[in-house]
Amino acid sequence: MKSLFTLCYVFFICFSITGHAEVNVVVNGLKGELEDNVDAYLSGISPDEDADSLRLHAFIRKNISQALEALGYYHASVKFQTDGDQLSVFVTPGEPTRIHKAQILISGEAEHDDDFARLSEESQIQTGAILNHAHYEKFKSDIRNLALKKGYFNGKFTQSRIEVRPDKYQATIILSFDSGIRYQFGQTIISGSQINEQKVLSLQPFQSGDPYRISLIGEFNQNLSDTDWFGSIAITPDLSKIPEERELPVNVVVTPASKNQLETGLGYSTDVGIQGSLKWVKPWLNEEGHSLSGKVSLSGPEQVVTAGYKIPLQDVLHQYYQIQYGLKKVDNLDTKSIESNLSLERHWHLDNGWNRTVFIRYLIENYEQGILDDTGQFVLPGITFTRTRTRGKRLLTWGDKETLTIEYGNQHALSETDLLRVQGGTSWIRTYQEDHRFLLKLDGGMNLVDDFQKVSPSLRFFAGGDNSIRGYDYESVSPVDSSGALTGAKYLATASLEYQYQLTGNWWIALFYDYGDAFNQTPDWKRGTGAGIRWVSPIGPVRLDFAWGLDNQPGDEFRLHFTLGPDL
């Protein structure tokens, strides 16, 4: 295959004196890796002689030979042909030199280390393979790096050479690596911490005497970062103890995070209009790592104030208590309410990725719901399971989210009526061939209750809106009372299926179909369908949907939905 490679241009230096024109060099006969490597070797040439200069030919021949020998071709033929200012180079790489024998010996305490054995098995240094000097150097580098990652700090090559017999097209590789001893983690020394030392040490994934692994240092760093207790973190093994001691002390130097942190947010959706938020966090209150947070979120139909107090347990990242209080005012369609929630929660992050929360909450709600005007209170113990798994950054290419909440109230324990409430949902994202994306969302809920009239609005179910059945106003799908006002429902069942296709870059188009209802006895299914535009903006996905509520009132079928935020 003929390859065209313009080696360089001879710029005129004192052109009026020298009169040299640029020389165009064309290399023929190579392809793939051989062509690329020759290009790299010749890219720096700046010929200042005529195309038929013997010195230029010798220079090019030498570089081509070196480039091909690096890839195992020791018998290349190079010929030249000139035509004015064009120099054509014809290359025949010849038969390659192959690895006849690869003698790799690991000694020391790494002799029986499975990671070193796996590295040798997966390397490109194999009998019968074409000799490639870059592969050889990479393999050596991989051995050194693995030794450092696993604590073989005294490791060294006692032999490392390539023996080439060009006449037989054979090469022998001899590598002997003496790892020496494997060092261990020693005492962890913490400085600069405002948190109880035992709390900090509980986050380290290793103990004194465990074999050294650099990945555990990284995991320890990430664990400390996830607590939000510290502004800076530096973890380093004390290598000054080499070679006297096998156990290496681990120095942890941290600085406290700012005592008060503020975060603001601004968003918009057609459900609630412009929404602004202000979040305040005090990431640590005392040496036990307790923290305090508060948030104010304001929009047209909803205003919310929340506060939380978090008490980490011995397993700091995975288990904690939390006391939460929330005050919410709602004025939307036929619902007007002021609800107050106080809850005590116990959280577990399980090894299988699920989060489990056992809680008890006290709800008191003053409301007007259609013809109802009342105050309700409930004491609701319950349990919640959630799990979110995702891949991708600004746009998720794969993901799923599951949530299930069960709570119970009894009229003999400060609740208005006996109530068993179950609510759950699942969302899935899958991408095929990079430009085809599918989203599936299912949501459901039920209130098993003695007297539904006594159930507060926040415990009832509504459907419709940007993230429910599109083509219908926000929470407009619901049973109605004798006055025609929306009442909320005992049951909820909705489904959404969406297909997205990537037009170009960060722009996608979408087709969707939504189905569901919020109902008391028999569902009156509502259908919504339409098309949309998706833009993966620097601050997150933006969705614009043109939706038709197929079962909406005549003349009121069309809705425009706009949201900013992640799909899950």
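1. Cavities. In this predicted model, three cavities of 30 Å³ or more are present. A cavity is a set of points, on a 1 Å grid over the protein atoms alone, where a 1.4 Å probe fits but cannot get out. Volume is the space filled by probe spheres set on the points, with grid points joined across faces, edges and corners.

2. Largest cavity. The largest cavity holds about 50 Å³ of space. Its lining (residues with an atom within 4 Å of a point) consists of L395, R437, Q500, W508, R534, W535, V536, P541, V542, R543 and D567. Strands β23 (526-537) and β24 (540-549) each give at least two of the lining residues; strands are DSSP E runs of at least two residues, numbered from the N terminus. By class, the lining has six nonpolar, one polar and four charged residues. Nonpolar covers Ala, Val, Leu, Ile, Met, Phe, Trp, Tyr, Cys and Pro; charged covers Asp, Glu, Lys and Arg; the others, Gly among them, are polar.

3. Second largest pocket. Its volume is about 620 Å³. A pocket is an open set of points with protein on both sides within 12 Å along at least five of seven lines. Of its 24 lining residues, K279, S291, S293, K310 and Q322 are the closest to the centre. β11 (273-282), β12 (291-298), β13 (302-312) and β14 (319-332) each contribute at least two lining residues. The lining of this pocket comprises nine nonpolar, 10 polar and five charged residues. Domain 3 (184-256) and domain 4 (261-564) each supply at least three; the bounds come from an automatic or database domain assignment.

4. R387. This residue is in strand β17 (residues 372-392). Why is R387 classed as buried? Because its relative accessibility is 16%, and buried means under 20% relative accessible area (1.4 Å probe, protein chains only). Leaving aside neighbours within four places in sequence, R387 is in contact (heavy atoms within 4.5 Å) with N352, G353, W354, D400, K401 and E402.

5. Confidence. Mean pLDDT (the predictor's confidence in each residue, from 0 to 100) is 92 for the protein chain, and 95% of residues reach 70 or more. Over residues 1-20 the pLDDT is below 50; beyond near neighbours in sequence, this stretch has 42 contacts in the model. Where pLDDT is low, the predicted coordinates should not be read in detail.

6. Conventions. Residues are numbered from 1 along each chain as its sequence is written, and side-chain values use heavy atoms, with hydrogens and water left out. Local features need pLDDT of at least 70 and side-chain atom pairs 80 or more, while totals for chains, interfaces and linings use all residues.

How values were computed. Helices (H or I, at least four residues) and strands (E, at least two) are DSSP runs, numbered from the N terminus. Buried means under 20% relative accessible area, exposed over 50%, partly exposed in between (1.4 Å probe, protein chains only).
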